[in-house]
Amino acid sequence: PFTQTVNVLELPPQNKPVAMFTISPTPVIADEPYTINDTSYDPDGDPIVACEWKVQKPDGTWVDIPEMKDTFEEMGLDDDATYTVGLRVKDDPTGRHPALEPLWSDWKYQSVQVESPLSVIGDTDKDHYRAGEAMRLTAETEGKAFRVEAHMWYPHNEHTATNTTTL
């Protein structure tokens, strides 16, 4: 009779990595820097070697983001709206065993409220004024303004005045 011994190599368990992140502050101002805290990990201790980001715009379309930029405005995401940001990560288990294949995590999503920047455009009715002459100032805002403060000062007599309007 013919006999043969076969050794069966058992591979170590391979679990998908876990994508996790937060974005702050809330809300994000479109033209200001924000912070991503990426706490993705692999339960097997394998290194995370790749990540993919995507963003769902308010109209429902998804955009792949090759690299998250410093501001949402730089990525063309500057409308006053709620965006959904997605992340998935890939591990590399080959350090534990060369026969193991890298795996992608499930997508992790976070809603991010983005507000467009606030700018104030002001003007006066004249270019020059005499001492003691009343001055008329007008101002308009672009973006969401929740409160408007006007500070006036008079350098010769050190008098100041403040007017605050809550919208």
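Reader: In which sense do β6 and β7 pair, and over how many bridges?

Author: This is a predicted model, in which local features need pLDDT of at least 70 and side-chain atom pairs count only at pLDDT 80 or more, while totals for chains, interfaces and linings use all residues. Residues are numbered from 1 along each chain as its sequence is written, and side-chain values use heavy atoms, with hydrogens and water left out. Strands are DSSP runs (E, at least two residues; helices are H or I, at least four), numbered from the N terminus, and two strands pair if DSSP finds at least two bridges between them. Within this pairing T82 stands opposite Q113 in β7. The sense for β6 and β7 is antiparallel, and the number of bridges is seven.

Reader: What is the strand order of the open sheet of five strands?

Author: The pairing in this sheet is mixed. Its edge strands are β2 (28–29) and β5, each of which pairs on one side only. The order is β2-β7-β6-β4-β5.

Reader: How many bridges join β4 to β6, and how many join β4 to β5?

Author: β4 runs antiparallel to β6 and also antiparallel to β5. W53 stands opposite L87 in β6, whereas K54 stands opposite D64 in β5. In general, strands of a sheet pair through backbone hydrogen bonds, either parallel or antiparallel. For β4 and β6 the number of bridges is eight; for β4 and β5 it is four.

Reader: Which residue in the hairpin of β4 and β5 takes a positive phi?

Author: The hairpin has five residues between the strands. The phi in question is near 95°, and the residue that takes it is G60.

Reader: How many helices and how many strands does the protein have?

Author: Read along the sequence, the pattern is β-β-β-β-β-β-β-β-β-β-β. The protein has zero helices, and the number of strands is eleven.

Reader: Which strand has the lowest mean pLDDT, and which the highest?

Author: pLDDT is the predictor's confidence in each residue, from 0 to 100. The protein averages 87, and 86% of the residues score at least 70. The lowest mean, 64, belongs to β11 (residues 159–166), and the highest, 98, to β4 (residues 48–56).

Reader: With which residues is I23 in contact, leaving aside its neighbours within four places in sequence?

Author: Contact means heavy atoms within 4.5 Å. I23 is among the residues with the most contacts inside the largest core. Its partners are V28, Y34, T35, I36, F72, V85, Q110 and V112.

Reader: Why does the aromatic pair of F21 and W53 tie together parts of the chain?

Author: Rings of Phe, Tyr and Trp (its six-membered ring) pair if their centres lie within 6.5 Å; planes under 30 degrees apart count as stacked, over 60 as edge-to-face and the rest as tilted. The F21 and W53 pair is edge-to-face, at 5.1 Å centre to centre with 80° between the planes, and both residues are buried. F21 lies in strand β1 and W53 in strand β4, so the parts tied together are apart in sequence by 32 residues.

Reader: Why is the pair of F72 and Y83 tilted?

Author: F72, in the loop between β5 (62–65) and β6, and Y83, in strand β6, are eleven residues apart, and both are buried. Ring pairs link Y34, F72 and Y83 into a cluster. The centres of the F72 and Y83 rings are 6.4 Å apart and their planes lie at 55°, so the pair is tilted.

Reader: Over which rings does the charged end of K54 sit?

Author: A charge sits over a ring if NZ of Lys or CZ of Arg is within 6 Å of the ring centre and within 35 degrees of the ring normal. For K54, one ring centre is 4.7 Å away, that of W62; another is 4.3 Å away, that of W107.

Terms used. A nonpolar core is a set of buried Ala, Val, Leu, Ile, Met, Phe, Trp, Tyr and Cys residues joined through side-chain atoms within 4.5 Å. Buried means under 20% relative accessible area, exposed over 50%, partly exposed in between (1.4 Å probe, protein chains only).
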